[in-house]
Amino acid sequence: MSAAMNSHKTMTIGEGGLLAFIVVGGLTSLVVAGRALDTPMQIHSFIFALAAVLAGIAVLKRYYDRPAELPPQEIDGLPNYNMGIVKFLTVISVFWGVVGFLVGLIISLQLAWPALNFDFEYVAFSRLRPVHTSAVIFAFGGNVLLATSFYVVQKTCRARLAGELAPWFVAIGYNLFIVIAATGYVLGVTQSKEYAEPEWYADLWLTIVWVVYLLVFLGTLWKRKEPHIYVANWFYLAFIVTIAMLHIVNNLTIPVSIFSSKSVIVWSGIQDAMVQWWYGHNAVGFFLTAGFLAIMYYFIPKRAERPVYSYRLSIVHFWSLIFIYIWAGPHHLHYTAVPQWAQTLGMTFSIMLWMPSWGGMINGLMTLSGAWDKLRTDPVLRMMVVSVAFYGMSTFEGPLMSVRAVNSLSHYTDWTIGHVHSGAMGWVGYISFGALYCLVPWLWNRKALYSEKLVSWHFWLSTIGIVLYITSMWVAGIMQGLMWRAYTELGFLQFAFIETVEAMHPFYVIRALGGLLFVLGSFVMAYNIYMTIRHGEREEPTREAAPGMVPAE
């Protein structure tokens, strides 16, 4: 019977097209590996070839194992959601989070005790630092954004995710990019552009993956059953489109050879600096802000069981943020050769960002109107609400630091490091943890998390860690800036650079302690999520359509 059914089965266009792409890509990778001009290119070509082999096997196995009929879009008139891909992305997010935080702890210890480099080039601070930033921002944060966007767009559109293999191509392809980027940093392959270190071939691969991501998201919106497009999807869409534009323009390069890992940026001098910080600041604005605001606008109302406080305010928040953020990049270039009018433009738009940013914060916090008592009993909601508070604090501090007079003290100091981590750990980290804690019981049909006490432990460990981290960096950064600008009565610098480094040591130790607590919290989260999946109390799945969040206005 099974053989008879399989005899009528044909390969879909998606399966055939993807298989052809995999074969061509795998053969190309082998050719490049055989003629590579440097070891990193050879290693990465073999990784691409191995990925092609594994992907080809997976596609063929899926074809032979699946029934002749593809999964229906609806069952009994209700959407047949594709949650397998969301499960995968949720688990891989937790993995990359723990890895990224752990590498961050290692490099913070290296700053306090440089001997921990062990004079071994592959674990030097200069190589592990971009591993940490990429693992935390793009591996952890990026996979959280993929997981939540695929979940939210299905639920709010009441439609199955567009494509059967395309979402998997996005998920696997994106994580292949992470592996290529991270191994490249360890091997010493980098463009030396902040948040854009991967070389030309990794950037090209990410562009292909990202275009497919955009098509999957747009395709799901196109076939939605819900006429209204919920505001979270607007934020996700802005994040996807803008990151594509930023990535392509900032990474326009000419390879030295298609067999070499090195390339030359088409931009030079001031143009390169302007393009880099147009990219760099908007990577923060659209990857680390717009994408995670989408999470806020879905998961906080869902968890609090309250509608968004003001749907009108959320729309104003969206459009003002999108139009203003894109101009703020030049504030990273105060007191450089960039024309002063451009610096002033960046500073002005940065200050203007106070309004939409705080409007969004107020909207998120006020969504709890009538439900504030839940903060005493629900540690997951508490974590998400604290993340919004950190968002408000970071979006106050950022514009403040963009003011030229303040920037003259803060720039190049560890005050900037404290600012970045208050946003990254407090805002991005906590809203991501909250989303993961929400998703796991929903996806695996569990009545609740394995232990809410462990969520509280995670919350307090990481909160104490963040406070230690950012306060030590605030004090250290201001001290550092003041020491750099201190002069003697004769007009000479009062402190040698090494004296400022020595003065920083106790603050680096405090920061490392804060990082340790944050890492311990992530281990608690990973254990709790594992136990929820494996041993949580099962709940019978319901077949309700789960319409989009109801606006308040």
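pLDDT is the predictor's confidence in each residue, from 0 to 100, and a contact means heavy atoms within 4.5 Å. Over residues 545-553 the pLDDT stays under 50, and the model has 29 contacts beyond four places in sequence for this stretch. The protein chain averages a pLDDT of 92, with 96% of the residues scoring at least 70. Residues 1-6 have a pLDDT below 50, and this stretch has 3 contacts beyond near neighbours in sequence. Where pLDDT is low, the predicted coordinates should not be read in detail.

This is a predicted model, in which local features need pLDDT of at least 70 and side-chain atom pairs count only at pLDDT 80 or more, while totals for chains, interfaces and linings use all residues. Residues are numbered from 1 along each chain as its sequence is written, and side-chain values use heavy atoms, with hydrogens and water left out.

Now for the helices, which are DSSP runs (H or I, at least four residues) numbered from the N terminus. Axes are lines fitted to C-alpha atoms over the stretch in contact, and angles run from 0 to 180 degrees between N-to-C directions.

| Helix pair | Axis distance | Angle |
|---|---|---|
| α4 (residues 84-112) and α5 (residues 125-157) | within 8 Å | roughly 155° |
| α5 and α6 | 9 Å | about 175° |
| α9 (residues 269-304) and α12 (residues 354-366) | 10 Å | about 15° |

Angles under 35 degrees count as roughly parallel and those over 145 as roughly antiparallel. α4 and α5 are therefore roughly antiparallel to each other, and their crossing is left-handed (the near helix is turned anticlockwise from the far one by less than a right angle).

α5 and α6 are therefore roughly antiparallel too. Among the residues that meet here are Phe 138, Leu 146 and Phe 150 in α5, with Tyr 174, Ile 178 and Tyr 185 in α6. By class, this contact of α5 with α6 has 14 nonpolar, 4 polar and 1 charged residues (Ala, Val, Leu, Ile, Met, Phe, Trp, Tyr, Cys and Pro count as nonpolar, Asp, Glu, Lys and Arg as charged, and the others, Gly among them, as polar). Just after α6, Gly 188 takes a positive phi of about 90°.

α9 and α12 are therefore roughly parallel to each other. Met 296, Tyr 297 and Ile 300 of α9 make the contact with Gly 360, Asn 363 and Gly 364 of α12. By class, that is 3 nonpolar, 3 polar and no charged residues.

Terms used: Helix = DSSP H or I, 4+ residues; strand = E, 2+ residues; numbered from the N terminus. Parallel < 35°, antiparallel > 145°, perpendicular 65-115°, else oblique.
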